[in-house]
Amino acid sequence: MKKVLTVKDIAGMLEVCEKTAYSLIRQALTKGDMFKVIKVGRLYKIPTEPFLNWLDEQ
């Protein structure tokens, strides 16, 4: 399993378009209590385990 997910990975897992995935990621960055997001330059990287834990809680 990958240690970090990309926007494309999250869009695929949630079966949504990339625009919706970006919106969710921005919301997570703003709120700070959803899942961890790491911004590397212009790219977003999401650690897999915290994201999957958050997804399980939904």
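Reader: In which helix does T48 lie?

Author: The model is a predicted one. Residues 48-57 form a helix, and T48 lies within that range. The helix is α3.

Reader: Is T48 buried or exposed, and at what relative accessible area?

Author: Buried means under 20% relative accessible area. T48 falls under that cut-off, so T48 counts as buried, with a value of 4%.

Reader: Which residue has its backbone oxygen 2.6 Å from a polar atom of the T48 side chain?

Author: Leaving out residues up to four places away in sequence, T48 touches M1, K2, K3, V4 and L5. One of these also places its backbone oxygen 2.6 Å from a polar atom of the T48 side chain. That residue is K2.

Reader: Over what arc do the buried residues of α1 lie?

Author: Helix α1 covers residues 7-14, and its buried residues are V7, I10 and A11. They are on the same side of α1, because the arc they cover around the axis is only 100 degrees.

Reader: Which residues are exposed on the other side of α1?

Author: The buried residues of α1 have cover that includes β1 (4-5), α2 (18-31), β3 (43-47) and α3. On the other side of α1, the exposed residues are K8 and G12.

Reader: What span should the 14 residues of α2 have, and how far apart are its end C-alpha atoms?

Author: The expected span is 1.5 Å times one less than the number of residues. For the 14 residues of α2 this gives 20 Å, and the distance between the end C-alpha atoms agrees, at 20 Å.

Reader: Which elements are included in what covers the buried residues of α2?

Author: The buried residues of α2 are A21, L24, I25 and A28. Their arc around the axis is only 100 degrees, which puts them on the same side of α2. On the other side, K19 and T30 are exposed. The cover of the buried residues includes α1, β3 and α3.

Reader: Which residue just after α2 takes a positive phi?

Author: Just after α1, E15 has a positive phi of about 55 degrees. Just after α2, a positive phi of about 80 degrees is taken by G32.

Reader: What is the radius of gyration of the protein chain?

Author: The protein chain has 3 helices and 3 strands, in the order β-α-α-β-β-α along the sequence. For 58 residues the globule rule gives 10 Å, and the chain is close to that, so it is as compact as a globular protein of that length. Its radius of gyration is 10 Å.

Notes:
Residues numbered from 1 in each chain as written. Predicted model: local features only at pLDDT ≥ 70, side-chain atom pairs only at ≥ 80, totals over all residues. Heavy atoms only, no water. Helix = DSSP H or I, 4+ residues; strand = E, 2+ residues; numbered from the N terminus. Buried < 20%, exposed > 50% of the residue type's maximum accessible area, 1.4 Å probe, protein only. Polar contact = N/O pair within 3.5 Å; in protein donor to acceptor, adjacent residues only side chain to side chain. Contact = heavy atoms within 4.5 Å. Arc of directions from axis to C-beta. Rg over C-alpha atoms; globule rule 2.2 N^0.38 Å.
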